[in-house]
Amino acid sequence: MTALLVALALGYLSGSLPWGLWLGRWFKGVDVRTVGSRNLGATNVYRSLGPALGVPVLLLDIAKGAVPTWLVPTLASTAGFPGGPEWCRLTVGLAAVLGHVFTMFAGFKGGKGVATTVGVLLALSAPAFGVFMAVFVLTVAVTRWISLGSILGALAFTVTLGWLATPRFQGPTFGFGIAIALLVIVRHKDNIGRLLRGEERRFSFKGGAQ
């Protein structure tokens with residue numbers, strides 16, 4: 001039980017770090033929750049405050065998912081995790097994503113979890129990460145809709161995780177993929193509505209949206 005609590009706490013704490021909020025305040029004196037889409041994620045930071053802050057926030061949001069997922073299962077305090085290291089990695093990864101979405105440092109209202117999910121995926125499976133990125137980049141390049149790329153990428157990595165998983169871990173790994181994909185889709189419900197109405201903003205690499 002101690003190992004489970006440690007894994008959950010460390011994963012959630014890392015995921016909760018609201019880099020978009022902190023960097024916006026430190027370098028621009030702006031609370032990113034008051035501009036653009038009012039979201040703490042890297043996309044809103046990029047659009048509202050520019051790439052000089054948007055790119056670092058993206059990398060930090062990826063790292064806060066990747067680092068604990070990779071590191072926590074190697075700690076002595078999690079050696080007795082129920083089910084072993086694989087279950088520990090999945091638990092830590094999910095806790096990190098939930099930490100980003102429901103950060104305790106910003107009233108439990110965080111980002112949509114995509115960048116942190118990317119970090120978790122990178123730590124879990126490089127091939128699945130490659131599939132996610134290929135689908136995401138292709139979708140954004142063709143449509144310039146970050147939200148659509150995120151949703152399709154989440155679905156793609158779910159399928160890939162299930163397909164690549166070893167027989168021993170196929171159930172938990174695929175279940176993790178389903179949980180993350182559903183979380184990403186739910187967090188993008190407003191974007192889905194705008195996509196269906198033809199009102200979703202398109203991404204501009206110069207910062208801002210069209």
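Val 120 is buried, with a relative accessible area of 1% (buried means under 20% relative accessible area, exposed over 50% and partly exposed in between, with a 1.4 Å probe and protein chains only). The model is a predicted one, in which local features need pLDDT of at least 70 and side-chain atom pairs count only at pLDDT 80 or more, while totals for chains, interfaces and linings use all residues. Residues are numbered from 1 along each chain as its sequence is written, and side-chain values use heavy atoms, with hydrogens and water left out.

Val 120 belongs to helix α6, residues 114-124. Helices (H or I, at least four residues) and strands (E, at least two) are DSSP runs numbered from the N terminus. Apart from neighbours within four places in sequence, the residues in contact with Val 120 are Gly 65, Ala 66, Thr 69, Gly 93, Val 97 and Phe 176, where contact means heavy atoms within 4.5 Å. Lys 64 lies 56 residues from Val 120 along the chain, and the C-alpha atoms of the two are separated by 8.4 Å.

The protein chain contains 10 helices and 0 strands. Its radius of gyration is 17 Å, close to the 17 Å that the globule rule gives for 210 residues, so the chain is as compact as a globular protein of that length. The radius is taken over C-alpha atoms, and the rule is 2.2 Å times the number of residues to the power 0.38. Along its principal axes, the C-alpha trace spans about 50 × 35 × 25 Å. Of the 210 residues, 48% are buried. Among contacts between residues at least 6 apart in sequence, 62% join residues at least 24 apart.

The structure holds 5 aromatic pairs. Phe 132 in helix α7 (residues 126-143) and Phe 157 in helix α8 (residues 146-164) are 25 residues apart, and the pair links distant parts of the chain. Both Phe 132 and Phe 157 are buried. Rings of Phe, Tyr and Trp (its six-membered ring) pair if their centres lie within 6.5 Å; planes under 30 degrees apart count as stacked, over 60 as edge-to-face and the rest as tilted. One aromatic cluster is formed by Trp 19, Trp 22, Trp 26 and Phe 105.
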